[in-house]
Structure formats: C-alpha cells, structure tokens
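These are my notebook entries on a few things I looked up, taken one topic at a time.

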Amino acid sequence: MVSGWRTTGGVTLDRTTPLSFTWAGRRLSGFAGDTLASALLANGVSIVGRSFKYHRPRGLFAAGLEEANAIVQLEQGGVSIPNLKATQIELYDGLIAGPVNAWPSADFDVMAVNALIKRFIPAAFYYKTFFWPSWRLFEPSIRKAAGLGIAPPRADPDVYEHSYAHVDVLVIGSGAAGLAAAEAAAAVRGNARVMLVEADAEFGGGLLSADEPVEGASPLAWRDAAVGRLRRMSNVLLLNRAMAFGFYDHGLITLSERLTDHLPPGQRTGPRQRMWKVRCTRVILATGAFERPVPFAGNDLPGVMLASAAQTYAVRFGALPGKRVVLCTNNDSAYGAAFALQDAGCAIEAIVDTRDDPGAWGAAAHARSIDMIKGAAPLRALGHRRVKGLGVIALAGRARTRIACDTVLTSDGWNPAVHLHSQSGGLLAYDEALKSFLPGASVQAAVSVGAAAGVLDLDAAIIGARAAARGEMASAPAAIPVGPTRRFADKDNAAAKAWVDFQNDVTVGDVQLAARENFRSVEHLKRYTTLGMASDQGKTSNIAGIHALSDLLGKPVPEIGTTKFRPPFDPVTIGAFAGRSVGADLMPLAHTPSHVAQMALGAKMEPYGGWLRSAYLPRPGESEDQAIAREVNAVRSGVGLFDASTLGKIEVKGPDAAEFLQRMYVNGVRNLKVGKCRYGLMLNEHGIVYDDGVFARLADDHFLVGTTSGHANPISESFLEWLQCEWPHLRVLVENVTTGWAVMNVAGRHARRVLAGVGTDIDLAPDAFPHMTFRTGTVGGVSARVQRVSFTGELSYEVAVPWGYGADLWDGLMNSGRPYGITAFGVESLMVMRVEKGFLHVGSDTDGTTYPQDLGFGPAIAKKPDDFVGRRSITRAEGLRENRRELVGLEVADGGGPLEVGAHVLPADAKEPKGTQGWVTSSAYSPTLNRPLAMALVERGTKRLKERVRLWSLGTWREARIADQRFFDPAGKQING
Amino acid sequence: MLLIECPYCGPRPEIEFRCGGESHIERPGPQGEVTDEAWSDYLFYRGNPKGEHRERWFHAAGCRQWFNLKRDTVTHRIVEIYPMGETGSAEPTW
Amino acid sequence: MTSRYSAMSLIREGLSGQRGWTPAWRDAEPKRRYDAIVIGGGGHGLATAYYLARNHGIANVAVIERGWLGGGNTGRNTTIIRSNYFFPETAAFFEFSLKLYEGLSRDLNYNIMFSQRGMWTLAHDRHGVEILRRSANAMRLNGIDAELHGGDAVRAQIPGLNSSPRFPVLAGMNQPRAGSARHDAVAWGYARAASALGVDIIQNCEVTGFLIEGNHVRGVETNRGTIRSERVGMAVAGHSTEVARKAGIRLPISSYALQAFVSEPVKPCLDTVVLSPATGTYLSQSDKGELVIGAGLDLYLSYAQRGSLPWMERAAAGVVEMFPAFSRLRFLRQWAGIVDVVHDSTPIIDRTSLGGFYVSSGWGTGGFKAIPAGGWCLAHAMATGRPHDLATAFSLDRFRTGALIDEASASGIAH
C-alpha cells in the first residue's frame with residue numbers, strides 16, 4: 001500500500017528503529033537503514049538542490065555514488081562536511097543536513113536568475129569576456145558564486161589511521177558476482193587469503209534491489225547464505241563501508257573505510273576513517289556498472305531519475321520517487337524498475353521503448369496492463385519545478401504524444417565501472433552492442449566479472465565470477481544489444497536543454513558548441529565544457545558526452561576515445577591520506593639527551609634540522625639578547641656546557657678507510673696520526689661545499705667522521721653509495737652512530753677542572769691531551785670518547801658517552817661545574833661565539849653555489865695532489881671566475897646594531913637599490929668585543945679588505961667595511977684555557 | 001606504489017628505497033685528463049629513456065645495500081633485478 | 001560569424017542559438033614546407049609560433065602536436081604564476097613572463113583569467129626567515145615586488161592557518177603580483193591567436209624522424225608525411241629526450257612524474273597561494289572553488305603521467321598541517337605530468353649543435369609561468385639565430401662551464 005511516499009517494501013530498512021533528522025531546517029523522519037536520499041524521497045522532498053551554474057532545481061537522480069544532484073552539507077561546525085551526496089549518507093538520529101549552493105533555500109534560490117540568462121552564459125563563456133577592463137573586476141563575484149559546500153570553520157577534530165594487508169585475492173564489490181568470486185577464490189586453497197570489500201554498509205550490491213530469484217532463492221536469501229558462508233571461512237576477511245578507490249602499481253589497492261561516519265556525532269569514538277593499503281597477488285573487480293541516462297530536453301527536472309535508482313529506492317528502501325511514472329528505455333533491464341514500482345503501488349502511465357520489438361519484456365508489460373509506446377523516445381519533459389508531463393516522439397517519422405506523469409525513469413543501457421581496471425593500466429574496448437566501454441586487456445593480475453565486465457545476466461555473472469576466481473576463462477554470453485538512442489542534430493534548439501552533466505550544467509548544446517569551436521577531442525570537450533569534472537567525475541555523463549560528440553562528428557566512438565581514469569574513484573577525505581602524519585607526529589622532532597634538564601633551566605627550544613635544541617636559556621625576565629650575552633660571557637670568562645649530541649658521528653673502519661676518506665675530503669686524511677683530529681671540508685661532485693666537521697683517527701684503520709647535525713644520515717648514505725657502487729674494491733665499513741653517543745661540550749678556561757671533577761682516567765694535562773686530539777677512557781664511570789675540538793675558540797672538550805648515559809653526564813658536569821659558575825648555553829650563543837672567531841657554518845655561510853676556494857681553501861687544495869669528490873668541478877671555467885663571491889667579515893661602519901642576515905651588499909657609492917654584490921650570511925652582536933660583527937659572501941671579497949660597502953635590506957640602508965672575519969683571538973690563544 | 005624485490009630482503013614498498021638514477025655510469029679519470037665535456041657528461045647527461053631503464057636503488061630502510069634493476073619507465077614493470085657490480089642480462093638498449 | 005570575443009559577442013550569439021561561433025583555431029593540413037616548424041603544441045610551442053608571427057613577421061609556421069594541443073604539462077600543472085626568483089638572470093626572465101601574462105588576455109582577446117592574488121612562502125625557523133629575507137631583498141634589487149611579514153601579519157592575512165602547528169609560521173614572504181591563471185585558456189588563447197595570424201596547427205601529428213643534411217636540419221618526418229623547414233624548434237616537455245634523440249641531440253635531462261591534486265569545489269576559503277618549505281606543499285583555490293594542491297616530484301624516472309601514492313599522502317599531510325580545517329575536504333581528482341628536470345632547475349633555451357635546431361626544455365616543475373617569455377625567447381632564437389638577451393644564461397654550454405643558476409639551492413623551494 002502506498003502511504004505518502006513510503007511503501008511497505010525496504011529490504012534493508014529497520015522499521016523498529018525510527019530516526020528523526022533535520023533537512024534544510026525541517027524536522028523529518030526515517031528509519032535505520034535509510035540513506036539521507038531515501039529518507040528525503042520517502043518524505044516527498046522533490047527539490048534536493050540547485051545546479052552549479054544555472055541554479056536550476058534538481059531532484060534525486062540516482063541511488064548510489066553516481067548521484068550528481070543531491071549534494072549536501074552535512075552537520076555544522078568542526079564536524080561539518082561539504083559536498084557529500086545524500087545517497088552516500090547513512091541516516092542516523094539527529095542528523096542535520098542541507099543543500100549546498102542555494103540561498104535562501106533549494107526550494108527558492110535567488111541565483112536561479114542565472115537560468116534566465118542561460119543562453120548568454122553557455123559553456124566556456126568566461127573565456128570570451130570579463131577581461132576588459134580587467135579580470136580583477138569580475139573575479140570576486142565569480143569566485144563567490146563558485147564552489148558548492150562550505151569548508152568547515154575549525155580544525156578537524158577527527159583522527160585517521162592507515163592499515164595494511166597482504167592478500168592472495170582481493171574481491172572488490174559484493175554483488176552476486178563478487179560474493180560468488182570470493183567464495184570460489186577462498187575454496188581454491190584452504191590458506192588462500194581472500195579479502196572482500198564493499199563500499200556500501202550492506203553486502204549484496206544489486207541483489208538488494210533485484211526482483212528475480214538467484215539460483216532458486218530470493219536475492220536476499222541468496223546473499224545471506226553467501227555472506228554467512230564467507231564469514232565462517234577463516235581465510236576470508238569481509239569489510240563493509242570500505243570503498244576501493246585506487247589501483248596502483250604492482251597490485252596495490254587502496255581502500256577508504258568509514259568507521260564512525262554512520263553514527264551520530266555524539267557517539268563517535270576512535271578513528272573516523274581507515275585507509276587500507278592492500279597488496280594483492282590477484283584482484284577480482286566486481287565493481288558493477290552505472291546506468292546510462294537518456295538525454296532529452298528538460299531531463300534535469302526533479303522527477304527524472306535513472307530506472308535502476310527508482311527500483312533501488314522502492315525495493316531496498318521502501319520509498320517511491322513519485323506516483324505516476326513513465327519509463328523510457330532502450331533495453332530490457334529497466335522493465336524491472338517499472339514492475340517493481342507498479343508492485344509498490346505506483347501507476348505506470350507508459351513504457352516508451354526505442355526498440356520496435358521489446359520481445360518478452362514487452363509482453364510482460366502488456367500482461368500488467370502497462371501501455372507500450374514502441375520505436376519512440378522522450379522528446380521533452382514538461383514542468384517547472386517538477387515533471388508534470390512527458391512529450392514523446394517516434395524515432396521514425398514525426399509522430400508525437402504527450403503523457404501526463406510526475407516521474408520519468410530513463411535507461412539508455414549500462415556502463416561497466418571500469419575505473420579501477422583503467423587505473424591499473426588496463427585497456428578499454430568499446431562494445432557496439434552495449435554502447436559502452438568494457439575492460440580490455442589487463443596489464444596487472446586483475447580480472448573483471450559481472451556487470452563490470454558487461455555481463456548483465458545474473459546467472460551468467462555468477463558462473464563467470466566463479467570461473468575467474470578459479471583462474472579459468474569463461475566465455476561470456478553475447479551481450480544483448482541495446483536499442484537505438486535518439487540523436488540531436490547539430491544546432492537543434494532542444495539540445496540546449498538536454499542535460500549531460502547535471503552538476504556542472506553541461507548540455508548537449510554545449511557539446512555541440514564545443515565541437516563547433518573545434519574542441520573535438522574528448523579531453524578538449526571535457527576541459528572546455530567541464531563535462532565530467534564535477535564531484536561525480538562523469539559517472540553518468542562521460543559516456544553520454546562521448547556519444548554526443550561521436551554523433552556530431554560522425555566519428556565512431558573508439559576514435560573519440562575516453563579520458564584517463566585516475567584515483568580516487570570517488571572523493572576521499574584529505575585527512576585520511578594524511579593519517580597519523582599530523583601534528584607532532586608529522587616529521588617528529590628528535591630530542592637531545594639533556595632535553596629534560598635544559599627545559600628545567602628555562603631553555604627556549606627551537607627546531608634545528610629535525611632536532612629540538614635550546615636556542616638559549618633565559619633566566620626569568622631576560623630577553624634573548626641578554627641571555628645570549630650572559631651565556632657568551634660565561635664561556636669566554638669561565639665555563640659553559642652545551643649538548644652537542646646532534647652532530648653527526650660516522651664510524652669508518654677497514655684497511656682502506658684512510659684511502660677512502662682521502663677521496664671524500666678536500667683535506668688530507670692519510671697523513672693524520674692516530675689519536676689526532678683534523679677539520680675537514682666535504683664537497684659534492686658538483687664542487688659545492690656540502691659539509692664540514694672534525695674527523696679523528698682512532699687507529700690506522702679506524703676513523704670517526706664528524707658532520708653537521710642535519711647531514712649525518714645523508715653523508716653516511718653517501719659513503720655507502722661510493723663504496724658499493726663506485727669503489728667496491730675498497731675494504732671499508734661505514735656506520736652512522738650519531739644516536740649511539742651522547743656528546744656534551746664543556747667549554748671555557750675551567751673546562752679541564754670541570755671534566756676532572758666528574759672523574760676520568762684520561763690524562764687531561766695540556767701536553768698529554770693537546771688541542772685537536774682524541775682520547776678514550778672512562779668519564780663519570782662510563783666508557784667515553786673525548787675530543788679536544790672547539791667551535792667557540794675556548795678550551796673545549798667534547799665528551800661522548802653511550803646515548804643512554806647522556807642525561808647523567810649533563811647532570812654530572814653541571815654539578816661539577818657549579819663552583820666555577822658553569823652556564824648552560826644554547827645554539828644561538830654558540831653561533832655568536834663562532835662568528836666572533838670567524839668560523840664557517842655550512843648552510844649559513846655557504847649555499848648551493850659556494851666552492852671551497854670561495855672560503856679560502858684554495859691553498860689547501862693546491863697542496864693535495866689526489867683526486868677527491870668534486871675536485872674536477874671546481875676547476876671548470878665557473879670555478880676560475882675572478883669575481884666569485886668570497887666569504888669575508890663585515891664591520892659595521894654607521895654605529896648601528898647588527899646587520900640583518902639576508903641584507904645585500906652594494907657598492908659604497910650605490911644610491912639606488914639595484915643589483916647585488918653578495919649578501920650577509922651570519923650576524924651577531926659580540927658581547928666579547930662589544931660591537932656588531934657579520935660575515936658575508938661578497939664578490940671578490942678577499943681582494944677588497946677594508947673597502948667600504950653599503951647594505952640594503954627591505955628599504956633600510958647600512959654602511960659597513962669588509963674585514964678579515966677572524967675578529968676575536970685570531971692567534972687562538974684562548975684554546976688552551 | 002612500486003613493490004621492489006630487494007635481492008637481500010625480499011619485496012618491499014618503494015618508500016623504503018631511494019633511486020640513484022641510471023646504472024653503469026663510470027666516473028671519468030684520471031682527474032687531470034678529464035675534459036670539461038667528459039665531466040659534464042658524467043654529471044648531467046643521462047639516457048632518460050621512455051622504455052626500459054637500468055637504474056640503481058638503495059634499500060635505505062632495510063639492508064642499506066645498493067642493487068640494480070631494469071624497469072620500464074612507462075608501465076613501471078620491473079623486468080629484472082641484479083646485484084650492484086653486475087651488468088644484468090643484456091646490453092642496454094640505448 | 002563571431003570570431004572576436006567580447007560581452008557583445010556572447011549576447012549576439014546567445015540570441016541566435018550559439019550558431020555563429022567559429023572554430024577557435026583552424027585544423028590545418030600540413031603543407032610540404034614552412035619557414036619554421038615548432039614541435040610541441042603546448043603552451044610554450046604555441047606561444048613560440050604566435051611570437052614568431054607577431055614579433056618577427058614569420059607566419060608561415062607549423063605547430064606539430066602528436067596529441068591534442070595543450071594536452072601535456074600545460075593542461076596538468078597547478079597554474080601558479082610568479083617571478084619570485086633569486087638570481088638576476090632568472091629573475092629578469094620570469095618577471096618578463098609575468099608582465100606578459102598581465103597583458104595577455106587583452107593581447108590574445110581571450111580571458112586567461114590571470115588572478116594576481118599573491119604568493120606566500122612561509123618560514124618556520126630562524127634559518128628559514130634568513131633565507132626569505134635574502135630572497136625578498138634579491139627580488140627587490142631585481143625590481144620585483146616582494147614583501148616580508150612577521151608571523152602575526154601572515155596569520156592575519158591568511159585566515160585558516162593552523163593555530164597550533166607542528167611548523168610555526170615565523171615569517172612569510174609575499175609576491176603580491178603573483179597568482180594563478182586558467183592553464184587551458186593559455187594554450188587555447190595562444191592557439192587561437194596564432195592561427196588567426198596564419199600559423200598552421202597540426203594535431204595528431206607525431207615527429208618520427210628528422211631530415212638532416214650537412215649538419216643542418218631540413219625538416220621532419222611525421223606520421224602524416226614529410227614537412228620541410230630550415231628552422232625547427234622543439235618545446236615538448238616530458239618528451240624532450242625522445243624527440244631530441246631523433247635529431248641526434250642529447251640533453252642533460254631526467255623526466256619525472258609531478259603530481260597535482262584538486263579537492264571538491266567549496267565556497268571561497270583561500271584567496272592566495274601558500275607554500276610551506278617544511279612540507280614542500282603548496283595550495284591555492286581556483287575560481288571554480290577547488291583547492292589546487294601540489295608537492296614534490298616522484299623521484300624515479302617516469303613517463304606514466306600518474307605518480308604514486310606516497311606523494312599524495314605527503315601532500316595531504318602538508319595541507320592538513322597548514323590548514324587543519326581542510327582535512328575534512330576531499331580529494332576529487334589527481335593527475336601527473338612528466339617534467340624534464342635539469343640539475344640546476346633553470347631552463348634551457350638554446351640552439352644546438354645541429355644547425356637550425358633549437359630547443360626549449362628543462363622547465364622542470366616551473367614551466368607554466370614561463371610560457372609567454374619562453375615562447376618569446378624561443379621565437380627570437382629561431383628567427384635571429386641568436387639567443388634573446390633574457391635567455392643567454394639558459395644555454396646548454398653552462399653544463400660544461402659550470403655556470404649553473406641553481407635556484408633550488410638559493411631558495412630551497414621545489415620549482
């Protein structure tokens with residue numbers, strides 16, 4: 001019985017659980033098992049939205065994810081989601097939703113005025129105007145009118161996760177073919193891992209709305225039995241609410257699984273969605289097919305719907321699209337829709353079939369007292385906000401009829417869902433009988449079954465699916481050809497009102513216009529008209545557009561071709577791709593061993609190349625400058641402590657270790673004595689300064705290479721590459737041990753006493769342990785390696801202990817140093833001190849153009865006869881240029897404060913900010929020398945010492961003088977304390 | 001996402017690896033005799049074929065070994081995998 | 001008949017059923033001989049042909065495109081136009097291109113929808129701020145607009161930026177005149193204008209070989225016959241190596257997939273272009289309302305035009321980090337182009353060792369913004385036999401001398 005728009009049907013409805021929801025401000029009711037779309041339909045809602053450009057009223061058109069009209073905004077606030085299709089939203093209690101892009105409502109939208117000027121704004125009209133006087137004038141209004149839903153106003157509160165699976169067979173789709181294939185695949189081998197995924201909440205696919213028995217059982221009973229058997233098989237994993245959206249190289253399929261979207265917001269816990277990455281040995285694509293609509297004038301009116309959609313609404317959801325129905329078709333499958341609706345209480349006013357002889361189905365219609373109009377097609381739907389009649393025209397001749405109705409169902413045949421097959425690299429083959437593209441040759445181990453392979457007969461689909469699952473070939477029965485489709489002549493006025501892409505408002509007229517203007521390839525057609533570029537990505541429009549183009553150009557469809565399919569098959573949440581790589585888990589920062597202790601001292605932590613380190617440690621009330629001045633003074637006059645654990649440490653060991661490093665460094669390595677350290681510079685093969693650091697010789701065949709913090713891993717990998725790929729005959733082992741050793745740097749004249757204070761068996765006497773040497777022993781009771789190297793210019797020990805002891809070592813040194821006023825210092829203080837010394841900082845004072853000779857390494861290179869990485873590059877013409885930028889110091893000459901890093905150097909007589917001779921690379925206020933200091937890369941800098949220059953930075957001029965950058969203690973007297 | 005069969009670890013996804021570009025590039029020498037052209041060739045010029053490509057891969061997140069493979073740059077099909085230091089089954093096609 | 005575009009033309013044709021619109025360009029049958037041949041019917045190739053006709057009076061030109069014009073990288077990029085370059089040579093070239101873009105709609109009588117809504121580069125640590133300052137100063141000293149703003153000002157100008165970010169925004173550099181345009185319109189606009197000047201556009205025509213005599217090019221062999229000319233230019237991003245090889249020319253290029261992504265269209269929520277060097281992700285919102293998102297290259301050779309999953313995940317993570325509200329938006333579509341990458345990320349516009357054969361290549365990830373200037377300069381080279389002043393540094397010889405212009409190293413930004 002018909003009551004309102006609900007019927008007694010609805011195989012997935014749970015009438016014991018009524019739900020209430022709000023649509024466009026109105027309270028409505030539905031049942032568990034409804035989608036928002038079926039509930040709207042059951043409530044008699046006819047206009048569910050407005051089209052993108054013309055804001056024409058639109059009704060539900062499909063029942064699945066190919067829906068183009070019912071685009072909604074779901075919920076409000078931080079959990080809001082724009083642009084969902086009502087057909088994909090599982091109804092829950094308290095759901096709030098409304099149409100997008102319609103104001104004040106879908107029923108009455110002021111932008112509908114666009115439809116009045118439709119003829120002046122056809123496809124691509126914006127290319128032909130709006131550029132005088134300037135696009136800028138018009139763009140804001142265009143932008144405001146564009147877009148569908150509204151982005152949420154706040155950060156996404158939900159969490160998304162990634163999961164992985166490795167399976168032998170993945171079956172995508174749980175219609176009859178998918179279920180049959182999964183069962184057969186699982187039975188091939190008891191331990192074959194089989195996964196079956198279904199995008200819908202319910203398994204069964206087309207079975208949920210089918211009308212004919214399957215293997216003797218009702219469709220639902222067959223489904224229940226099949227699913228039951230699959231659940232009992234231990235080698236089968238079933239996933240519902242999991243949509244396969246990408247088929248990538250080498251058998252990788254991605255799924256988007258919805259975990260909580262079907263629950264009321266208040267009941268959602270845990271991750272919202274899960275992205276699966278599934279590696280499969282074989283894939284069975286049981287992805288079904290999309291019904292093709294019939295284009296005719298007025299086919300976008302509410303009340304015009306795909307035949308199979310109406311059948312789904314009636315049978316699965318117990319909701320009627322209307323009361324007085326006309327069916328327009330060219331194939332048999334649509335008759336089921338008419339009969340199902342008739343059984344549910346609708347009046348079927350007529351079935352219009354383009355075929356002259358619809359055979360058995362026509363007879364069945366006749367038996368049901370349904371009027372048949374054969375050899376005819378829909379001409380025009382009548383009505384303004386709802387269908388109220390349909391004009392029909394004979395294909396041969398010009399006989400016309402008009403039928404009063406409130407619903408028009410259309411079916412032009414079926415388009416197999418070949419998206420994933422195509423994504424995998426598979427080819428497509430046009431089938432003349434079905435007038436659509438079928439999966440052709442696969443390049444990966446994937447096979448299509450059922451409707452996805454163009455096999456529309458259920459029994460044949462099941463047989464074929466089982467055979468495919470067992471790896472056999474099954475010959476499919478010849479497809480029953482679909483009947484003709486009425487064509488539009490070029491420049492037929494009706495074409496301008498026959499919609500092809502409903503969401504983007506593209507008509508057959510627009511296709512004709514595109515062809516007229518020479519946009520005649522399927523790619524040009526798509527881009528020019530935007531056909532197929534809406535959120536349904538052309539699932540109901542692409543093929544229709546191709547047919548229209550084919551008709552117009554008189555070219556067969558295979559020559560027109562089709563556009564490429566790319567992931568995602570259906571839109572997927574951006575957050576789901578990000579997964580857990582958000583917030584602190586996005587490229588997580590590493591902590592130093594002394595992190596906790598330094599935080600307790602009030603450290604200002606900042607990121608430095610993947611590590612969180614203290615920039616400086618201000619006392620309460622101190623500014624950055626004050627803290628840094630205090631820290632620098634403490635080191636220069638007393639003692640300071642710095643956590644140097646982040647600097648790279650790479651062990652290089654083997655009989656050829658010295659020979660290898662000789663080739664890696666600009667400096668000599670072979671002649672370094674055991675127990676000694678040396679400063680080294682490394683280039684890349686392009687001659688660019690890549691890294692610097694101190695290396696130590698632990699034994700004849702054993703070196704410890706020091707690198708900058710950020711380059712530890714890249715350099716150790718680079719070493720491996722040279723050894724494995726270029727010089728495999730060198731006997732060398734390489735290991736990155738950076739995080740194996742914590743390193744604390746004690747610096748200042750009291751450093752020796754502080755180190756002695758924690759207890760060590762290493763002889764710290766100056767002649768026993770000179771500068772730039774390396775010792776091993778125990779420190780604080782723990783195995784240690786100690787180097788005397790100094791980036792501050794003061795007496796300095798770098799004490800390395802196994803990482804786990806780092807925090808204790810820090811504490812021990814701080815305690816030991818207390819009588820000497822030991823002061824923790826941070827990276828910025830260290831930088832001030834090294835600028836005072838004029839020491840290079842790779843990455844600051846160098847960039848991707850800096851050669852070693854620019855830094856004064858020319859003489860060192862001249863002394864070394866051997867080849868090393870990058871050597872050949874620096875002797876090219878570019879390296880011999882006499883006006884290269886060279887690293888020099890800058891003394892401020894205008895009495896002002898520190899120069900800005902990034903300020904550019906101009907000649908002393910420069911009046912205008914034009915051109916550049918270089919730039920400031922490092923800058924600091926020196927507490928030691930009480931004046932600002934800087935370093936810069938300046939053209940011919942070393943030949944211009946004492947020369948005045950001007951600096952310019954964002955409108956500010958400064959005066960400076962080029963100087964030798966060894967500002968403080970150039971003779972290195974501080975080094976021994 | 002490529003599934004690469006590391007000769008030492010078995011099949012692993014491409015994110016565990018780093019591609020080092022074309023295989024079998026010889027570093028010219030001795031240094032003093034290398035012309036600018038030969039050096040430029042070595043640094044910058046590669047076959048870049050649309051088709052089968054011999055390239056080096058490094059299993060960064062696994063065994064940290066380099067190896068070679070032959071891969072089609074259009075279909076991404078991996079045709080052959082062979083150890084570093086060997087030349088594989090046939091001469092390069094370009 | 002309507003060939004000139006204007007609001008009036010829309011009204012007129014609207015009243016007469018759109019019947020009078022003419023083809024945007026002529027589909028020409030290839031002649032036997034031309035004064036110049038341009039291989040490649042993308043933005044660069046079409047612009048080259050247009051400027052050959054317009055600047056040099058050489059209209060007897062054929063553009064040979066093996067597929068559909070604009071179907072390569074021109075139709076696949078993220079549509080950003082900017083000139084925020086560091087070195088004087090590249091700055092001058094890209095600024096010239098931007099200036100051409102500013103007048104292009106009028107010049108071509110085709111709305112390319114160039115929207116100058118700025119482009120922001122963010123800095124997330126001290127070093128990043130220093131780099132931005134150095135870059136902003138370099139731009140200003142090269143006569144290009146650049147502004148440097150502190151974190152608070154950046155957040156005020158770009159609503160929606162993450163308020164508790166993993167990568168705090170310490171500063172941002174904006175080039176106000178940068179922005180985006182409709183990429184297809186650039187190709188179609190140049191095609192229409194070139195065709196109107198007499199250039200023959202020949203689609204579905206693939207070069208299968210070169211006619212060479214006396215170390216000079218004499219023409220090309222195609223699947224539609226032999227076409228002769230003493231001047232042949234090549235602008236075929238993604239296939240430069242393949243086509244040049246047929247002419248016996250090698251190029252220092254590697255071809256990679258560069259992906260781009262769009263979200264579903266939403267009401268205006270982002271009105272500028274934003275790039276974060278921390279994640280390498282950048283995004284803008286098109287006039288249709290879609291977020292257009294780009295990130296880095298897939299780092300192995302590929303001619304497949306699809307790209308792989310990890311970069312889509314990285315781009316998504318980059319978007320969510322910058323704009324956490326966009327996490328709930330959905331990716332609608334993804335695609336990839338084939339980009340020709342050169343070591344220093346600076347293009348090649350030069351003659352070759354084959355007489356009369358000119359190449360424009362190495363555009364990497366930055367070809368779209370360069371279309372007008374690239375076409376202008378390649379046309380100049382082909383017409384005069386000498387490089388244009390703006391392109392003298394973009395030579396093949398720089399790889400031998402080491403005179404590279406390494407923009408990537410200067411700014412740390414993927415181009």
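I began with the side chains of Arg64(B) and Glu717(A), which meet in a salt bridge at 3.3 Å, N to O, bearing in mind that this is a predicted model. For the extent of the contact, I noted 26 residues from chain B and 25 residues from chain A, with about 2300 Å² buried between the two chains, 45% of it on carbon and sulfur atoms.

Next I turned to helix α13 (residues 542-553) of chain A, whose twelve residues should span 16 Å at 1.5 Å a residue, and I found its end C-alpha atoms 16 Å apart, which agrees. Is this helix enclosed or open? Nine of the twelve residues of α13(A) are buried, so I recorded it as largely enclosed by the rest of the structure; among the buried residues are Ile543(A), Ile546(A), His547(A) and Leu549(A). Just after α13(A), I noted that Gly554(A) takes a positive phi of about 65°.

Last, I looked at chain C, where strand β18 (residues 348-351) and strand β19 (residues 357-361) pair in the antiparallel sense over four bridges, with Val359(C) in β19(C) as the bridge partner of Asp350(C). The two strands form a hairpin with five residues between them, and Gly356(C) in the turn has a positive phi of about 75°.

Key:
Residues numbered from 1 in each chain as written. Chains lettered and ligands numbered in written order. Predicted model: local features only at pLDDT ≥ 70, side-chain atom pairs only at ≥ 80, totals over all residues. Heavy atoms only, no water. Pairing = 2+ DSSP bridges. Expected span 1.5 Å × (residues − 1). Buried < 20%, exposed > 50% of the residue type's maximum accessible area, 1.4 Å probe, protein only. Contact = heavy atoms within 4.5 Å. Buried area = accessible area lost by both parts, 1.4 Å probe. Salt bridge = Lys/Arg side-chain N within 4 Å of Asp/Glu carboxyl O.
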